[in-house]
Amino acid sequence: MSALGTSKGILEIAKFAIYVTVPIALMYTFANNSKNLQRVMGNRSYVVYPPEGPRPPSPEEIREMAREIARNRDKNKLP
């Protein structure tokens with residue numbers, strides 16, 4: 001028993017036609033006219049990065065800071 005010819009069959013054919021034609025129509029619209037694509041992409045805000053913050057200290061600077069902290073700690077323990 002085929003569902004073609006019944007209301008379910010016609011609905012399925014219509015849905016399939018929409019599923020196929022909508023992507024094709026959109027691709028045709030944007031592929032043939034780049035102004036449309038630029039207009040759509042220009043209205044969207046994409047990734048916006050925050051301004052760059054201060055750089056972390058280099059490994060040598062960190063080692064020097066650790067040595068300085070150790071020296072201060074040793075000074076406080078001696079007296």
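**Salt bridges and a helix in a predicted model**

In this predicted model, the side chains of Glu52 and Arg55 meet in a salt bridge, with N and O 2.9 Å apart.

Q: Are Glu52 and Arg55 buried or exposed?
A: These two side chains form a salt bridge. Exposed means over 50% relative accessible area. Both Glu52 and Arg55 are exposed.

Q: Which helix holds both Glu68 and Arg71?
A: Their side chains meet in a salt bridge of 2.9 Å, N to O. The two residues are 3 apart, about one turn of the helix. That helix, residues 59-77, is α3.

Q: Why does Glu68 count as partly exposed?
A: Buried means under 20% relative accessible area and exposed means over 50%, with partly exposed in between. Glu68 falls in between because its relative accessible area is 36%.

Q: How many salt bridges does a search of the whole structure find?
A: Glu60, Arg63, Glu64, Arg67, Glu68 and Arg71 are linked in a network of salt bridges. Glu52 and Arg55 also meet in one. The search of the whole structure finds 7.

Q: What percentage of residues 13-31 is helix?
A: An unreviewed UniProt entry annotates residues 13-31 as "transmembrane region". The end C-alpha atoms of this span lie 27 Å apart.

How values were computed: Residues are numbered from 1 along each chain as its sequence is written. This is a predicted model: local features need pLDDT of at least 70, side-chain atom pairs count only at pLDDT 80 or more; totals for chains, interfaces and linings use all residues. Side-chain values use heavy atoms; hydrogens and water are left out. UniProt positions are given in the numbering used here, feature names are shortened, and annotations may be inferred rather than shown by experiment. Helices (H or I, at least four residues) and strands (E, at least two) are DSSP runs, numbered from the N terminus. A salt bridge is a side-chain nitrogen of Lys or Arg within 4 Å of a carboxyl oxygen of Asp or Glu. Buried means under 20% relative accessible area, exposed over 50%, partly exposed in between (1.4 Å probe, protein chains only).
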